[in-house]
Amino acid sequence: MTTPVPVLDRGRDGAGSGDPTVPTAQRVRYDRVAAWLHWGIGLLLLAEIAFGLLLDEIAPRGTPARAGVINLHKSVGIVIGVLVVIRIAWRLGHAPPPWPATMSIRRQRAASLGHLLLYVCMVVAPLAGYLGSNFSKYGVRFFGVVLAPWGPDWPAAYSFLVGLHNASTYLLIALTIGHVAMALKHGLIERDGIFARIAP
């Protein structure tokens, strides 16, 4: 008797269904939710990082506009933090497509480590910023809604958490540059299908 050959479920877009019930080996790309979360969070992060780096130019310290600009930065950071949690939850329930056979085990491990570090930084940066705000008397105004600080006004804790927020953000910048560089290498030079797995 002939063994049936599995048929690739390509879905409406012809690039893989993303259905978690379809065996991982038969899927060639991330599902639509994962792809949209990837690009949406990525664009928001780039905008938020640029905003954070330009805070002193947009609203110098001691000026009346400073509080409003800082709280806008905090508000967007909270939104990104929530989206990152949703993305992680979705990722845990929906296995990604396998790496192509053309990638060596060493490169697969390096890519997986890079993705893990990106996730860690995407969690630590907004979380440290939010926690730091709660060890300050100012707290957070979430798009104008006052969120009173639940912690004491503790300058040492605030300084540590802000430092952690800044350090994780700079590491995130470095990892993002590497991530984009490798994506372009896969998409434009190697053309091995890696970039197409997450293309919107």
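Predicted model: local features only at pLDDT ≥ 70, side-chain atom pairs only at ≥ 80, totals over all residues.
## Overall fold

The chain contains five helices and two strands. Read along the sequence, these elements come in the order α-α-α-α-β-β-α. Of the 200 residues in the chain, 30% are buried.

## Helices α4 and α5

Two packed helices are described by the angle between their axes and the distance between the axes. In this model, helix α4 covers residues 105–133 and helix α5 covers residues 155–190. Their axes come within 8 Å and cross at roughly 145 degrees. The crossing of α4 and α5 is left-handed. Sorted by class, the contact between these helices has 16 nonpolar, nine polar and three charged residues.

Val-162 belongs to helix α5. The C-alpha atom of Val-162 is separated by 6.0 Å from that of Gly-129, although the two residues are 33 residues apart along the chain. Is Val-162 buried or partly exposed? Val-162 has a relative accessible area of 26%, so it counts as partly exposed.

## Salt bridges

How many salt bridges does the structure hold? There are four salt bridges in the structure.

One of them joins the side chains of Arg-107 and Glu-190, with an N to O distance of 3.2 Å. Arg-107 lies in helix α4 and Glu-190 lies in helix α5, so this pair ties together parts that are 83 residues apart in sequence. Arg-107 is partly exposed, at 29% relative accessibility. Glu-190 is also partly exposed, with a relative accessible area of 28%. Glu-190 forms a salt bridge with Lys-185 as well, and here the closest N and O atoms are 2.2 Å apart. Lys-185 has a relative accessible area of 31% and is partly exposed.

Another salt bridge links Asp-56 with Arg-61, where the closest N and O atoms are 3.8 Å apart. Asp-56 is partly exposed, with a relative accessible area of 38%. Arg-61 counts as exposed because its relative accessibility is 65%, and the cut-off for exposed is over 50%.

Which residues make the nonpolar surface patch of about 410 Å²? The patch is made by Leu-53, Leu-54, Ile-58 and Tyr-170. Ile-58 is found in helix α2, which covers residues 55–58. With 46% relative accessibility, Ile-58 counts as partly exposed.

## Two residues with positive phi

Phe-143 has a positive phi of about 50 degrees, although it is not a glycine. Where is Phe-143 found? Phe-143 is in the loop between β1 (140–142) and β2 (145–147).

Arg-191 is another residue other than glycine with a positive phi, and its value is near 50 degrees. Arg-191 is found in the segment after α5. With a relative accessible area of 65%, Arg-191 is exposed.

## A buried proline in a loop

Pro-100 is placed in the loop between α3 (66–93) and α4. Is Pro-100 buried or exposed? Pro-100 counts as buried, because its relative accessibility is 18% and the cut-off for buried is under 20%. The C-alpha atoms of Pro-100 and Ile-194 are separated by 7.6 Å. Along the chain, Pro-100 and Ile-194 are 94 residues apart.

Notes:
Residues numbered from 1 in each chain as written. Heavy atoms only, no water. Patch = residues over 30% accessible without salt bridge, like charges linked within 9 Å, V, L, I, M, F, W, Y side chains within 5 Å. Areas by Shrake-Rupley, 256 points an atom, 1.4 Å probe, with all protein chains shown as cover. Helix = DSSP H or I, 4+ residues; strand = E, 2+ residues; numbered from the N terminus. Buried < 20%, exposed > 50% of the residue type's maximum accessible area, 1.4 Å probe, protein only. Axes fitted to C-alpha atoms, helices over the stretch in contact; angles between N-to-C directions. Left-handed = near helix turned anticlockwise from the far one by under 90°. Nonpolar A, V, L, I, M, F, W, Y, C, P; charged D, E, K, R; others polar.
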